[in-house]
Amino acid sequence: MPVLAVNNIETIVHNHEQLEALKRAILPSPIKVWLKIDTGMHRLGVALDEVDWFYHELKKLPQIQPHLGFVSHFSRADELESDYTQLQINRFLSVTQDKQGERSIAASGGILFWQESHLDWIRPGIIMYGISPTDTVGAEFNLTPVMNLTSSLIAVRNHKKGEPVGYGGFGQACVIRKLALSPSVMAMVIRAMCRKVRPSI
């Protein structure tokens, strides 16, 4: 953990184990900490009813800088017909409104479709590669890649039309004759192929 302080790297706390590790840490200087809040993704983050407790515990620690940050993540920001993203925004604002600190909840989907979620910081993800988080082409949002991701192939497979691929059965309706598998960009490539666009990777 001292490497965070030495290199001025900010970090996230999202569970009790990380909090306890911070309490035990001997650091050359305080570090910036973001408290991750589970507003509905249900993957990482402290529960809504634990936010106040975590906040006060973190504020006691000399190992961290005075002002915490608050962060969360949308689970359905690309589903524009769903009201779940608005629910997550409301939850996030509610549990942080009486606390000092910067707030961030918008990743790629939030940046494009949920203006009210931009708050203090935004976190572009897949859009940095020129790819839309929805089933549209990135060019429709004037997206151009600002980063490249390089990987290697681990397999090339024959594939029949209608066969699902990976999580969520991507590619089921696509005509994919050959499927090249890469460990780091697989889902992104399959999504892009099914939209008939060339991924910028």
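1. Let me start with Trp114, which sits in the loop between α5 and β5. This is a predicted model, so take everything below as a reading of that prediction. Trp114 has a relative accessibility of 10%, so it counts as buried, the cut-off being under 20%. Leaving out neighbours within four places in sequence, its contacts are Ala77, Leu80, Ser82, Thr85, Gln86, Ile89 and Gly109. Leu80 from that list is worth a look in your viewer: Leu80 and Trp114 are 34 residues apart in sequence, yet their C-alpha atoms are 9.2 Å apart in space.

2. Now the overall layout. The protein has 6 helices and 7 strands. Going along the sequence, the order is α-β-α-β-α-β-α-β-α-β-β-β-α. There are 201 residues, and 39% of them are buried. If you take contacts with a separation of 6 or more, 52% of them join residues 24 or more positions apart.

3. What do they pack against?

4. Glu57 belongs to helix α3, which covers residues 51-59. Is Glu57 buried or exposed? Its relative accessibility is 13%, so it counts as buried. Setting aside neighbours within four places in sequence, Glu57 is in contact with Leu19 and Lys23.

5. Two packed helices are described by the angle between their axes and the distance between the axes. Here the axes of α2 (residues 16-24) and α3 come within 11 Å and cross at roughly 10°. That angle is under 35 degrees, so the two helices are roughly parallel to each other. The crossing is left-handed.

6. On to the aromatics. How many aromatic pairs are there? The count comes to 3. A pair of aromatic rings is described by the distance of the centres and the angle of the planes. For Phe113 and Phe141, the ring centres are 5.5 Å apart and the planes stand at 75°, so this pair is edge-to-face. Phe113 is in helix α5 (residues 108-113), while Phe141 is in the loop between β5 (121-122) and β6 (155-158), so the pair ties together parts that are 28 residues apart in sequence. Phe113 is at 22% relative accessibility and counts as partly exposed. Phe141 is partly exposed too, with a relative accessible area of 28%.

7. In general, most residues other than glycine have a negative phi. His42 has a positive phi of about 60° although it is not a glycine, and Asn142 likewise has a positive phi, near 60°. Where are they? His42 lies in the loop between β2 and α3, and Asn142 in the loop between β5 and β6. His42 has a relative accessible area of 60%, which makes it exposed. Asn142, at 69% relative accessibility, counts as exposed as well.

8. Last, Met41, which also lies in the loop between β2 and α3. Its relative accessibility is 25%, so it counts as partly exposed. Which residues does Met41 contact beyond its neighbours within four places in sequence? They are His73, Phe74, Ser75 and Gln88.

Notes: Residues are numbered from 1 along each chain as its sequence is written. This is a predicted model: local features need pLDDT of at least 70, side-chain atom pairs count only at pLDDT 80 or more; totals for chains, interfaces and linings use all residues. Side-chain values use heavy atoms; hydrogens and water are left out. Helices (H or I, at least four residues) and strands (E, at least two) are DSSP runs, numbered from the N terminus. Buried means under 20% relative accessible area, exposed over 50%, partly exposed in between (1.4 Å probe, protein chains only). Contact means heavy atoms within 4.5 Å. Axes are lines fitted to C-alpha atoms, for helices over the stretch in contact, and angles run from 0 to 180 degrees between N-to-C directions. Angles under 35 degrees count as roughly parallel, over 145 as roughly antiparallel, 65 to 115 as roughly perpendicular and the rest as oblique. A crossing is left-handed if the near helix is turned anticlockwise from the far one by less than a right angle, and right-handed if clockwise. Rings of Phe, Tyr and Trp (its six-membered ring) pair if their centres lie within 6.5 Å; planes under 30 degrees apart count as stacked, over 60 as edge-to-face and the rest as tilted.
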